[in-house]
Amino acid sequence: LVSPEDEGTAVTLLQTLQKRLKYGLPSEVSILLYEAGFADRPLAIELAEVVPEISAREELKAGLRRKRRAAEAVLTEYPAYFRRVFERVVG
């Protein structure tokens, strides 16, 4: 945290830590899903297991499209609201 060239990295790490604590989620992927509208901790964690390769918000749509069937299988266990969120995110 002391060296200026690492300042951007330190800020990013602290922001990620803050979100993990705030949302109670274990990974960046689950945080991305939670912030995209899948605002249920267990659901965000399960969907993160389906699309673990996502590392940015821009990749979310394509990742969910690639694994659409697996994501839809997870969503069957949750309220229909999350299916609508899925359709909005995927397009």
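Me: In which helix does Ser 30 lie, and is Ser 30 buried or exposed?
Reply: This is a predicted model, and the values discussed here are computed from it. Ser 30 has a relative accessible area of 1%, and since buried means under 20%, this serine counts as buried. The helix in which Ser 30 lies is H2, and the state of Ser 30 is buried.

Me: Which residues does Ser 30 touch, leaving aside those up to four places away in sequence?
Reply: With neighbours up to four places away in sequence not counted, the contacts of Ser 30 are with heavy atoms within 4.5 Å. The residues that Ser 30 touches are Leu 25, Ala 44, Ile 45 and Ala 48.

Me: How many of the nine residues of H2 are buried, and which are they?
Reply: H2 is largely enclosed by the rest of the structure, because seven of its nine residues are buried. Just after H2, Gly 37 takes a positive phi of about 130 degrees. The count of buried residues in H2 is seven, and they are Val 29, Ser 30, Ile 31, Leu 32, Leu 33, Tyr 34 and Ala 36.

Me: Which residues touch the most other members of the largest nonpolar core, and which helix gives the most to this core?
Reply: In soluble globular proteins, nonpolar side chains tend to be buried together. The largest nonpolar core here holds 22 residues, and those touching the most other members are Leu 33, Phe 38, Leu 43 and Leu 64. At least two residues of this core come from each of H2, helix H3 (41-50), helix H4 (57-66), helix H5 (68-75) and helix H6 (80-90). The helix that gives the most, with five residues, is H6.

Me: Which residues line the largest pocket, and about how much space lies in it?
Reply: The lining is made up of Thr 12, Gln 15, Thr 16, Lys 19, Glu 28, Ile 31, Leu 32, Glu 35, Ser 55 and Arg 57. Helix H1 (7-23) and helix H2 (28-36) are the elements that give two or more residues to this lining. By class, the lining has two nonpolar, four polar and four charged residues. The space in the largest pocket is about 190 Å³.

Me: Where is Thr 76 found, is Thr 76 buried or exposed, and which residue's backbone oxygen lies 2.7 Å from a polar atom of its side chain?
Reply: Thr 76 is found in the loop between H5 and H6, and its relative accessible area of 59% is over the 50% cut-off, so Thr 76 is exposed. Thr 76 and Pro 42 are 34 residues apart in sequence and 13 Å apart in space, C-alpha to C-alpha. The residue whose backbone oxygen lies 2.7 Å from a polar atom of the Thr 76 side chain is Ala 73.

Me: What share of the 91 residues in the chain is buried?
Reply: The secondary structure of the chain comes to six helices and zero strands, and its C-alpha trace spans about 50 × 25 × 20 Å along the principal axes. The share of buried residues is 36%.

Conventions: Residues are numbered from 1 along each chain as its sequence is written. This is a predicted model: local features need pLDDT of at least 70, side-chain atom pairs count only at pLDDT 80 or more; totals for chains, interfaces and linings use all residues. Side-chain values use heavy atoms; hydrogens and water are left out. On a 1 Å grid over the protein atoms alone, a cavity is a set of points where a 1.4 Å probe fits but cannot get out, and a pocket is an open set with protein on both sides within 12 Å along at least five of seven lines; lining residues have an atom within 4 Å of a point. Grid points are joined across faces, edges and corners, and a volume is the space filled by probe spheres set on the points. Helices (H or I, at least four residues) and strands (E, at least two) are DSSP runs, numbered from the N terminus. Ala, Val, Leu, Ile, Met, Phe, Trp, Tyr, Cys and Pro count as nonpolar, Asp, Glu, Lys and Arg as charged, and the others, Gly among them, as polar. A nonpolar core is a set of buried Ala, Val, Leu, Ile, Met, Phe, Trp, Tyr and Cys residues joined through side-chain atoms within 4.5 Å. Buried means under 20% relative accessible area, exposed over 50%, partly exposed in between (1.4 Å probe, protein chains only). A polar contact is a pair of N or O atoms within 3.5 Å; within protein, one must be able to donate a hydrogen and the other to accept it, and residues adjacent in sequence count only if both atoms are side-chain atoms.
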